[in-house]
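Hi,

Here is the structure I said I would pass on. My notes follow below it.

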Amino acid sequence: MQRPAPRPPLRFSTQTLLLQLSVVLLVVLFSAAVHAWLTYDRAGSEAENRALTLARTLASDASVRADVLAISQQPGTPPAAELAAGPLMEAAEAARARTGALFVVITDETGLRLAHPDPERLGEKVSTDPSEALAGREVTTRNTGTLGPSAGAKVPVYAPDGTTVVGEVSVGYSMETVGQSLARDIGPVAVTAAGALLAGVLGSFLLRRRLQRLTLGLEPEEISTLVHDQVAVLEGVDDGVIGVSADGRISVFNSAAQRLLGLPDLAGSRWEEAPVPDQLKSLTRPGSGGPEALELVAGGRVLVANARKALHRREDLGWVVMLRDRTELQQLTRQLDAVGTMSTALRAQRHEFANQLHTIAGFMSIGQHQQAREYLGRLAATGPLKFPVDQAELLQDPYLQAFVGAKGVEADERGVALRIGPETLVRGQVAEPQDVTTVLGNLIDNAVNAAVAGASEDRWVELEVLDEPDDDGGTLHIVVADSGDGLAVGTDREAFFAEGFSTASGPGPHSGRGGGQGFGLALARQLARRRGGDVKVLDPGTKGGPGAVFMATLPRTTAARAGRNTTGQTGKDTNA
């Protein structure tokens, strides 16, 4: 026999709605019951007060007091017929008829009825205890007597002299009348309860719709799973992720974004007021142009950022901004370019060296030994491989020799002479080649571009490098000058280091040069400042040359060369 398929569980919103309706129903019923009980109790209290007032009035009537005293002084109890026709019966019935009371009873000092709505019960003992009233105390009661349930009062009757209790007056109002009064009031109570129930049901439905809209129709289990997945994904990727909600607040700021931007977690803050680069904010503004990526420099890194609109069933959820780190890629690209340039130069020099060997062999074959010796002397003075860099021998560090030599080959191909200034002195060796490559390469490239674009026919770039030894790592000072037309007149020097300010084309410094992207100087300065140094403009230059002069200071980028003593002198004279 096939078992029936299990019924799917109720949705969370449905469960919430049913729970709210149940709570509203219970609250309304409880409130109605309490209201009904309070109304019933108030009506009973009012009946007791009316009974007490009527009983006091009768008990204080002089004729009633005199008649009760007269009967109490008689030996024995008068017959019922005599009592029924007596003045006490007449006064009691008149008061009962006038006020609508259930009963008005008058007794003597022993509790025997002297007046009662039922004449047959005259002369009998009252059904309820009269001892409190006969003891001189007024009491209110709710009990059931011979005429049914009632709310009433008992008041002592004093003799005309006012000191002796000679009887009591008992007045009661029917509780059924109180119930009828409650029945008249139950209509408004029921209407109020129904209105409260309707308002509760309507509020529950509205709350259910809002809950569905806020949770996008997802169940709590699905939301919990999404939260776990979101945390795993956002914290498990190397890309920075920034979520901006539709109301302009940062909802997501993962650890990668904090690391790339060098900022703390900004979740919950206003996006337009957040301390992030303005280029990122521009991606989410109206008319930003969609998902096109842009590059910016932040925290000493070159970042690629793009933003996409987040939609769910046509509902605007805000923006998602993605950040990718391209710093290491750009550094590797620059190093590979330098290595490629050096390889090309080495192949050319190998060709030249082969030609030189052929020349020496020719001298030897024809017996011109003296000319061969002179030729070898000239080769020994200049070295078998020669980069097109004037005074390259002033750079003792092999890394700087190779890198600057490669840059010299590039500059020579563009008709620019790269030379080393006479003040150059590097006693240590480069310990941080990546940062030195980035800063030095940017400055030389910009200077070569300036020289090419300048009006001067004598195109040159001069580089001076000086290291300052220190126990924590030497500081490298770099000065680069060119023969270009200088920087744009009237431009703030700090503007040259702004992100996106290109020295390659358009208005600005070194206008008309090719190949720039507007991030070289900004990145170079941030890298230098991150190490405690700086990159700045020493001289903006003049129209017609000479061009601008830039200076970079890079602390902790050199180390003492092996074999150098504490006085800064090598163990061997390299110039001997």
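Predicted model: local features only at pLDDT ≥ 70, side-chain atom pairs only at ≥ 80, totals over all residues.

**Helix pair and strand pairings**

From α12, the residues involved are Tyr399, Leu400, Phe403, Val404, Lys407, Glu410 and Ala411. They meet Pro433, Val436, Thr437, Leu440, Gly441, Ile444, Asp445 and Val448 in α13. By class, the residues of this contact split into 10 nonpolar, 2 polar and 3 charged.

Now the geometry. Helix α12 spans residues 398–413, and helix α13 spans residues 433–453. Their axes lie 11 Å apart, and the packing angle is about 25 degrees. Angles under 35 degrees count as roughly parallel, so α12 and α13 are roughly parallel to each other. Their crossing is right-handed.

Next, strand β17, residues 549–559. Is this strand mostly covered or mostly uncovered? Mostly covered: 9 of its 11 residues are buried.

- β15 (residues 474–482): antiparallel, over 7 bridges. Here Val479 stands opposite Met551 of β17.
- β16 (residues 534–539): antiparallel, over 5 bridges. Val535 faces Ala552 of β17 as its opposite residue.
- β13 (residues 429–430): antiparallel, over 2 bridges. Gln429 stands opposite Ala559 in β17.

One reminder for reading the strands: in a regular strand, side chains alternate between the two faces of the sheet.

Best wishes

Methods:
Residues numbered from 1 in each chain as written. Heavy atoms only, no water. Axes fitted to C-alpha atoms, helices over the stretch in contact; angles between N-to-C directions. Helix = DSSP H or I, 4+ residues; strand = E, 2+ residues; numbered from the N terminus. Parallel < 35°, antiparallel > 145°, perpendicular 65-115°, else oblique. Left-handed = near helix turned anticlockwise from the far one by under 90°. Contact = heavy atoms within 4.5 Å. Nonpolar A, V, L, I, M, F, W, Y, C, P; charged D, E, K, R; others polar. Buried < 20%, exposed > 50% of the residue type's maximum accessible area, 1.4 Å probe, protein only. Pairing = 2+ DSSP bridges.
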